Amino acid sequence: MNKLKKLVYHLLCNKLTGGIIAFVCKNKIPDLRWKGFIFSLSGAKIDPTIKASVFWGFYESSEIRFAEKYFNGSNDILELGGSCGVVSAHLVAKLGANTRLISVEANSSLAEIWKENTSRHNYNKAGIHLLNYAVHYGADSVSFQLSDNTTESRSVLDSEKGKGSVTLPAITLSKILDRYHLGDYILVSDIEGAEIALLLNETQSLENCKAILIELHPGEYNGIYYSLKALENMIISKGFTIGDNHGPVYYFENSAFSNSKSSQ
């Protein structure tokens, strides 16, 4: 985000403007950028800045734009990091009656908000499922740090545990695929760095993944630092090509599916 965009963002998206918007709209926040989308953002502790960001269309704008541009609703979608259901609503709005949205969100206090926002925009009665787990590898449970800023909740080391941290059951990509008998699917992921372990531990599970919409977060895993470029190359090495990207948000396509389509 350049300096001008940052200035505009901070002028429009802060606790004061968010509080005013939430009060006027009674926490039923319309998205000015995407007409027809309205989001309930009450009940759980949600930072007013997030409410302002949703109202002005800044919230997860790249993810939403790529989903609207590239997804046609023909495949099940597995979403890691459902949050308060803003991106999820755009995903489910694309789906038909014979497809499903399976979303994983660690913060259980967002569950009712997520369900309300996805149900409101589930125009074609797709199947929607929400799982209260943290995506994690190597243990059956994980410490998770909750934040009022729904874009910042993340898994943490035991040494990082503090106020707002909880212990959650862990789940992996392959276990979700098995549980819901997913065939060809689309993966949407924004899990604040937990994608590093996923990419290191999952290869076969990504073979039937037609496309990945992901926000990448550089960081350490088992003492090794992974840069944005390293994570990008890791996904490419699994047979994907970059279809689009904006900053750390990427849309990847599975080359095997693209080649099959071009040969038909």
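Is Glu-60 buried or exposed? Glu-60 is buried, with a relative accessible area of 16%; buried stands for under 20% relative accessible area, exposed for over 50%, and partly exposed for what lies in between, using a 1.4 Å probe and protein chains only. The model described here is predicted: local features need pLDDT of at least 70, side-chain atom pairs count only at pLDDT 80 or more, and totals for chains, interfaces and linings use all residues. Residues are numbered from 1 along each chain as its sequence is written, and side-chain values use heavy atoms, with hydrogens and water left out.

**Two loop residues**

Glu-60 lies in the loop between α3 and α4. Helices (H or I, at least four residues) and strands (E, at least two) are DSSP runs, numbered from the N terminus. Most residues other than glycine have a negative phi. Glu-60 is not a glycine, yet its phi is positive, about 45°. Lys-125 also has a positive phi, near 60°, and is a residue other than glycine.

Seven strands form an open sheet with mixed pairing, in the order β5-β4-β3-β10-β11-β15-β14. Two strands pair if DSSP finds at least two bridges between them. The edges are β5 (127-131) and β14 (240-246); each has a single partner strand, so one side of each is left without a neighbour in the sheet. On average, neighbouring strands of this sheet are turned by 15° against each other, direction ignored.

Strand β3 (residues 76-80) pairs with strand β4 (residues 100-104) in the parallel sense, over four bridges. Leu-78 has Ile-102 as its bridge partner in β4. β3 also runs parallel to β10, and five bridges join the two. Here the bridge partner of Leu-80 is Ser-189 in β10.

In a regular strand the side chains alternate between the two faces of the sheet. From β3, Asp-76, Leu-78 and Leu-80 point one way, while Ile-77 and Glu-79 point the other way. Five of the five residues of β3 are buried.

**Helices on the sheet**

Helix α6 (residues 111-120) lies across β3, β4 and β5, and runs at about 165° to β5. Axes are lines fitted to C-alpha atoms, for helices over the stretch in contact, and angles run from 0 to 180 degrees between N-to-C directions. Helix α9 (residues 228-237) packs on the sheet and touches β11 (209-215), β14 and β15 (249-254). The direction of α9 makes about 15° with that of β15.

**Helices α4 and α5**

Two packed helices are described by the angle between their axes and the distance between the axes. For α4 and α5 the angle is about 5° and the axes are 10 Å apart. The two helices are therefore roughly parallel to each other; angles under 35 degrees count as roughly parallel, over 145 as roughly antiparallel, 65 to 115 as roughly perpendicular and the rest as oblique. Glu-63, Ile-64, Ala-67 and Glu-68 in α4 meet Val-86, Val-87, His-90, Leu-91 and Lys-94 in α5, where contact means heavy atoms within 4.5 Å. The buried residues of α4 are Ser-62, Glu-63, Ile-64, Phe-66 and Ala-67. Their cover includes α5, β11, β14 and β15.

**The cores**

A nonpolar core is a set of buried Ala, Val, Leu, Ile, Met, Phe, Trp, Tyr and Cys residues joined through side-chain atoms within 4.5 Å. The largest one has 37 residues, and those with the most contacts inside it are Leu-41, Val-54, Phe-71, Ile-77, Cys-84 and Leu-91. Among the elements that give two or more residues to this core are α3, α4 (61-70) and α5 (86-94). α5 gives the most, with six residues. A second, separate core of 33 residues includes Leu-131, Ile-176, Met-234 and Phe-252.

Gly-18 is in helix α2 (residues 15-25) and is buried at 0% relative accessible area. Leaving aside neighbours within four places in sequence, Gly-18 is in contact with Pro-48, Lys-51 and Ala-52. Thr-49 is in helix α3 (residues 48-56) and counts as buried at 18% relative accessibility.
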